[in-house]
Amino acid sequence: MKFLKPLFTLVLFVVIAGTENLQAQDYYAYVAAESEDMVHLIHFNAETQQATIAETIEVGRYPTETDGPHGITVAPDGKHWFVSIAHGNPYGMLAKYSTETNKLVSTTDLGMFPASMEISEVTGLLYVVNFNLHGEMKPSSVSVVEPESMTRITDIETGIMPHGSRIGASGKYQYHVSMMTDELIQINTQTLEVSKRFKLSETKGGMSGHKDMDHSKMEHKPVEKPTWAHPHPTKPLIYVAANGSDELLEINTKKWEITQRYKTGKAPYNLEVTPDGKYVVVTYKGEGATGIWDLEEGKEVAKIENSRKVSHGVTISPDSKYAFISVEGIGGEPGSVEVINLQTLERVDVVETGKQAGGIYFWKQS
Amino acid sequence: MKKYSTTLFSALLILMTGLSPQLQAQDAEENNSHTVVTAPSSLHLEIGEEVQLTGHVEDAEGNIVSDSLIFFTRARRSLQITTDGKIKALKPGSFTVIARSIQGGWQDAPRTNVPVQVAYPPVAEVSLNGIPNNLYAGTSLPVKVLIEDTMGEMRTNVDYTISSSKPSIATVDNFDNLQLHQPGTFTLTLQAEDQSSSITKKVQQNPTAELALSHNYTHKTVRTGDVVQFNAQAKTAGGSAVQDAPITYSYIGEPNDDLGHGSIAQIEQDGRFVANKPGKYTVMAKSGNTFVEHTFRAVPRNVQQEIEVVGQGLVSHTRTSDLWIWEGVDGRDYAVTGTWGGNGEAIFWDVTDPKNITAIDTVTVDARTVNDVKVNERGDIAVITREGASNRKNGIIILDVTDPSNVEILSEYNKDLTGGVHNTFIYEDHVYAVNNGRRYDIINIEDPRNPYTVNKFELGTPGHSIHDVWIEDGIAYSSNWSDGVVAVDIGSKNSAEMPGANGSPENPVQLGSYAYPSGWNHAAFPFKSESTGDFYVVAGDESFPYGLDTNGANRAAGWVHFIKFDDWGSPKEVARYKVPEAGSHNYWIEGDKLYAAFYNGGLRVVDISGELMGDLYEQGREIASFFPRDNEAFIPNATFTWGPQPYKGYIYLSDWNSGLWALKLKDNNANGTD
């Protein structure tokens with residue numbers, strides 16, 4: 001019966017999308033304020049179209065050091081949320097919190113500057129990239145964590161500055177990008193091995209690298225500087241934010257080739273495909289804006305200015321109605337979460353957060 | 001049509017939402033009825049032994065439903081394990097390996113625990129040590145037991161016995177003290193597992209007939225905290241010295257009050273004694289049945305002085321971090337303070353008249369935290385550090401502070417420094433920048449508009465980390481958390497207290513190091529005692545074991561460790577200054593005074609004159625304390641002192657919540673005795 005679950009989930013999304021009478025009113029997402037060592041629980045009331053901070057949770061280890069909460073995710077059953085703490089002595093860590101109480105449950109050490117992550121519903125394991133943002137130009141890893149016992153099971157060597165860990169709809173593959181080697185990397189969530197390395201910049205027609213290639217000898221002059229990968233919910237497509245070339249890339253994972261290159265706003269950073277597969281929402285870090293791309297039409301249907309600079313993350317409600325955008329701000333300026341109505345393609349509210357709002361993940365709608 | 005489709009969708013939705021929990025429940029039920037079976041079900045391994053664990057998932061009827069398992073453990077430093085079940089035992093002990101279905105999904109994935117026992121390696125060699133050639137009846141002395149296993153590890157957890165061939169002559173008690181009862185020859189045998197070692201010795205008649213006790217405080221008043229060196233001389237009946245007579249020292253103390261003191265004094269077996277509390281003390285020296293004693297009084301150290309606030313530069317819009325005070329090229333006195341978790345500001349102050357501290361300029365850079373601020377020896381160049389830059393390229397900013405009222409940014413340097421620079425030191429036109437908590441980069445700033453990196457220094461220990469670096473006489477003293485303090489020659493001067501190793505900024509050479517178990521080493525400061533000439537490196541902790549509250553008062557832990565270096569190879573931790581319920585941060589030593597910031601414990605000024613031994617806080621060495629607080633502070637009335645700097649007779653300090661302060665010790669009551 002397990003195979004039926006994704007199918008039912010998919011049908012459920014379709015049904016929800018087509019049903020106007022049954023509307024959720026309350027939407028909740030967690031967002032990390034990286035330079036404030038805080039995580040906020042954001043509540044958005046669809047009736048009033050207003051967002052508020054429902055709760056603020058202090059995270060980290062040292063009150064006099066900025067520990068840097070960066071990536072965030074929520075368990076499939078919604079009972080726990082997880083945040084990666086970028087800095088440590090010297091390693092970062094993963095912290096697990098209860099969504100019921102927002103209290104710390106457990107931690108485990110990770111690698112250097114752990115960042116984005118997600119949990120596979122098939123394996124129940126959490127896959128977190130060790131971004132090693134400020135480290136040497138050498139391959140880093142994806143740490144695999146068993147979230148119940150909070151045990152770091154293994155580290156899978158991957159590219160240089162890996163980022164944007166997202167699990168495909170089947171739960172069988174994790175996708176991330178290697179920022180400094182211009183690669184899209186696929187990990188088999190069950191064998192815990194890199195199953196595909198796909199070079200993004202060498203050929204427009206697409207050329208896949210072999211998983212056994214010696215990347216240590218590669219010359220690191222990234223062109224695309226990819227920063228995020230997100231799988232399409234129903235099609236064998238991965239969308240990649242090419243931060244260095246101002247492009248949105250579409251990669252077909254059946255053929256392993258780049259099937260679309262869209263020119264975007266400046267420095268696309270994070271992105272997410274709506275659960276109904278209609279749009280991909282892209283943050284433009286370099287211009288403080290968010291682009292909404294219609295995937296059928298293959299064009300940007302809206303570019304929405306953010307309330308401040310340095311746009312960062314995006315998470316979308318399961319009913320595909322709202323996108324929640326985190327925006328970092330600069331210096332002492334507060335960060336923000338900006339709510340975009342994906343039906344009207346308009347920003348409906350902005351809520352200010354702690355400094356450098358970054359990792360953001362949807363929790364629940366009710 | 002729309003109405004029809006909506007009704008259909010609604011019906012489908014109800015169907016699906018009704019089914020979804022059933023599916024999840026069914027998954028969980030399936031998982032609950034499945035079990036993981038491993039072969040073997042438990043393991044007993046030797047160190048270095050490798051084994052392959054296998055397993056599968058069974059249903060309630062015992063049918064194999066899956067063979068896809070992952071194996072893992074939280075004891076990764078003791079068991080090397082791969083996800084497919086290959087295990088290698090690295091360390092002895094009891095551990096658990098978890099075998100879990102890889103396809104079990106999120107809820108209740110089938111799993112089982114596999115207990116693993118890794119045996120200690122067998123004992124390879126044992127020996128008894130520390131027993132001198134001449135043994136005297138009636139005396140006792142400790143023997144040292146050494147047990148080494150086949151892996152070359154020295155073991156302290158092995159049961160052993162020490163037996164004497166002639167118990168009437170000599171025995172060893174349960175605390176490994178060799179008791180010498182009468183003259184004669186005996187053999188001691190140490191046995192551990194199947195290894196043994198014997199040593200034969202001869203006990204002589206004790207020639208000691210008399211003990212004489214002298215000390216180095218003759219005609220001097222002993223104060224609390226003064227280290228008195230006692231020296232017992234054993235003599236024969238004829239008056240000859242017995243050089244190798246074993247002597248033990250002890251004391252009896254009667255404090256001046258009966259207020260339930262704890263330890264009132266401390267004595268070492270080399271004869272050094274220090275009183276924590278004033279009172280009457282009798283120090284005794286014993287050799288066999290012969291003993292001698294000396295009674296004296298220890299008086300209060302009486303070094304307390306009043307401290308007064310001279311001026312304040314309130315910073316209320318953000319938190320304040322480090323400070324630096326210097327004499328400007330115009331002869332006036334200036335200060336710069338950093339800011340934490342704010343808008344990337346460094347604030348410049350005119351402190352020429354410390355009664356009227358005046359902010360004269362603010363430099364704002366793209367950062368959230370300017371943690372550290374330093375000014376060079378000439379007073380014309382400053383360096384500030386950046387963390388939280390919006391482009392994530394942090395590094396350092398080099399400033400022209402020739403006119404501190406109009407500070408000019410000369411350059412921004414972030415080559416290989418993008419991870420954030422937490423602390424720096426400027427020394428002879430080079431910046432030593434603590435880089436991303438891993439190492440310090442050495443940057444030439446002879447041309448401050450065109451800095452360049454000349455080298456770096458990084459430890460090679462596993463998981464190494466660094467917090468701060470301080471330089472004196474061409475030797476860099478870094479603080480490295482669990483790796484402790486590390487001294488590196490970066491151009492050692494003749495004036496340095498310890499020899500160098502021909503190092504330079506381009507060729508930093510490690511000289512010595514000292515680590516302590518807590519791993520809290522956060523700061524380091526070298527000093528030569530003005531009163532004794534002894535050389536110390538003072539290592540400060542930082543720790544927050546009580547959690548954090550960024551909007552209220554916080555409580556830190558940790559203390560200041562005094563490490564005496566007679567040479568680079570034999571550091572010894574000899575004393576501590578620990579404030580109850582507070583924790584150390586930054587500090588400074590000038591003359592024989594320690595100025596220490598203790599976060600919620602405020603500023604402490606401590607007399608560190610004379611030899612240092614034991615608990616300096618308990619010895620009444622604290623000269624003064626001050627708790628900066630202000631009802632208009634960033635967090636009102638919440639002391640959280642960051643760092644001090646003595647300068648031209650004043651004590652400047654930065655406080656996280658309230659900014660910059662100038663204080664002065666009053667010239668009263670420093671007579672040293674009661």
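Visitor: Which residues have the most contacts inside the largest nonpolar core?

Guide: This is a predicted model, in which local features need pLDDT of at least 70, side-chain atom pairs count only at pLDDT 80 or more, and totals for chains, interfaces and linings use all residues. Residues are numbered from 1 along each chain as its sequence is written, while chains are lettered from A and ligands numbered from 1 in the order in which they are written. A nonpolar core is a set of buried Ala, Val, Leu, Ile, Met, Phe, Trp, Tyr and Cys residues joined through C-beta atoms within 7 Å, buried meaning that 20 or more other C-beta atoms, placed from the backbone, lie within 10 Å of a residue's own. The largest such core has 149 residues, and those with the most contacts inside it are Ala335(B), Val336(B), Ile396(B), Val537(B) and Tyr652(B).

Visitor: Which strand gives the largest share of this core?

Guide: Strands are DSSP runs of E with at least two residues, numbered from the N terminus. The largest share, 5 residues, comes from residues 227-235 of chain B, which form strand β22.

Visitor: How many bridges join strand β9 of chain B to β10(B)?

Guide: Two strands pair if DSSP finds at least two bridges between them. Strand β10 (residues 111-118) of chain B also pairs with strand β2 (residues 43-45) of chain B, in the parallel sense, with Val118(B) as the bridge partner of Leu45(B). Strand β9 (residues 93-101) of chain B runs antiparallel to β10(B), and Val97(B) stands opposite Val114(B); the bridges joining β9 to β10(B) number 8.

How values were computed:
Helices (H or I, at least four residues) and strands (E, at least two) are DSSP runs, numbered from the N terminus. A residue is buried if 20 or more other C-beta atoms lie within 10 Å of its own, exposed if 12 or fewer, and partly exposed in between; C-beta atoms are placed from the backbone.
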